[in-house]
Amino acid sequence: SVCMFVVNNYAFCFGALINNTSSDGTPYVLTANHFTSSINFSSCIFWFNWQSPACPNPSASPPHDQVSISGCELKARNASSDFCLVKMNDTPPSYFHVFYAGWDRSGIPTNSSVCIHHPRGDIKKISFADNSTESEIYSGAPCWRADWTMGVTEPGSSGSPLFSQEKKIIGQLFGGPSYCNASPQEMYDYYGQFSVS
């Protein structure tokens, strides 16, 4: 479900194809509001499955032009919890092999969490927080704090989803100090709570 937004061929942000209560395949994408505050939604391109079969980056970039969707429209946004919901102009065809992520709006902390993202516009990565999420106020909003135990996020990972141990989205990346080679005290991030958004 995780995808990369490309705007004007150089600006990157991230989101996730997300299910709705009708489970009807409407192509909604959840992302961060701060990225979308001044973009032309019709110019967005969504790349899916831009990934490697192994952790190290491959010697050549995996193809993405055959698994992309162009254009979207704004459906909802809230700056306080930094969420934005858009609807892609087209539904991904079956050969994209995409999934519509489930979500949890209970607001109950989870025992562990995972973020799937494209740090600094890189191919898809995964970060693990093998500890409980904590609810904290970040930039004036209730957020989930994820303390990374393996992997990190980096600038440019904004909007990427935080999944609970039940593999449901509980938030989208708002901000935080995490980056590659960060000190142990900086290995965490804040996610706008889905229950608030």
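**Pockets, a cavity and aromatic contacts**

The second largest pocket has about 260 Å³ of volume. This is a predicted model. A search of the whole structure turns up nine aromatic pairs, and the structure holds one cavity of 30 Å³ or more.

**Second largest pocket**

- This pocket is lined by 13 residues, and the closest to its centre are Ile18, Leu30, Phe83, Leu85 and Phe194.
- Strand S3 (28-31) and strand S7 (83-88) are the elements that give two or more residues to the lining of this pocket.
- The lining of the second largest pocket splits into eight nonpolar, four polar and one charged residues.

**Largest pocket**

- The largest pocket holds about 300 Å³ of space.
- Its lining includes Ser1 and Val2, the run Gln51, Ser52, Pro53, Ala54 and Cys55, and also Ile116.
- Lys124, Lys125, Ile126 and Phe163 line the largest pocket as well.
- By class, seven of these lining residues are nonpolar, three are polar and two are charged.

**Cavity**

- The largest cavity has a volume of about 40 Å³.
- Residues lining the largest cavity are Asp104, Ser106, Gly107, Ile108, Trp144, Ile170, Phe194 and Ser195.
- Four nonpolar, three polar and one charged residues make up the lining of the largest cavity.
- Phe194 lines the largest cavity and is also among the residues closest to the centre of the second largest pocket.

**Aromatic contacts**

- A pair of aromatic rings is described by the distance of the centres and the angle of the planes.
- Tyrosine 138 and tyrosine 190 form a stacked pair, at 4.5 Å centre to centre with 15 degrees between the planes.
- The angle between these planes is 15 degrees, and planes under 30 degrees apart count as stacked.
- Tyrosine 138 belongs to strand S11 (residues 134-138) and tyrosine 190 to strand S15 (residues 188-193), so this pair ties together parts that lie 52 residues apart in sequence.
- Tyrosine 138 is partly exposed, at a relative accessible area of 25%.
- Tyrosine 190 counts as buried because its relative accessibility is 9%, and the cut-off for buried is under 20%.
- Ring pairs join Tyr138, Phe174, Tyr188 and Tyr190 in a cluster.
- Tyr188, a member of that cluster, also has a charge over its ring: the charged end of arginine 145 sits there, 3.7 Å from the ring centre.

Conventions
Residues are numbered from 1 along each chain as its sequence is written. This is a predicted model: local features need pLDDT of at least 70, side-chain atom pairs count only at pLDDT 80 or more; totals for chains, interfaces and linings use all residues. Side-chain values use heavy atoms; hydrogens and water are left out. On a 1 Å grid over the protein atoms alone, a cavity is a set of points where a 1.4 Å probe fits but cannot get out, and a pocket is an open set with protein on both sides within 12 Å along at least five of seven lines; lining residues have an atom within 4 Å of a point. Grid points are joined across faces, edges and corners, and a volume is the space filled by probe spheres set on the points. Ala, Val, Leu, Ile, Met, Phe, Trp, Tyr, Cys and Pro count as nonpolar, Asp, Glu, Lys and Arg as charged, and the others, Gly among them, as polar. Helices (H or I, at least four residues) and strands (E, at least two) are DSSP runs, numbered from the N terminus. Rings of Phe, Tyr and Trp (its six-membered ring) pair if their centres lie within 6.5 Å; planes under 30 degrees apart count as stacked, over 60 as edge-to-face and the rest as tilted. Buried means under 20% relative accessible area, exposed over 50%, partly exposed in between (1.4 Å probe, protein chains only). A charge sits over a ring if NZ of Lys or CZ of Arg is within 6 Å of the ring centre and within 35 degrees of the ring normal.
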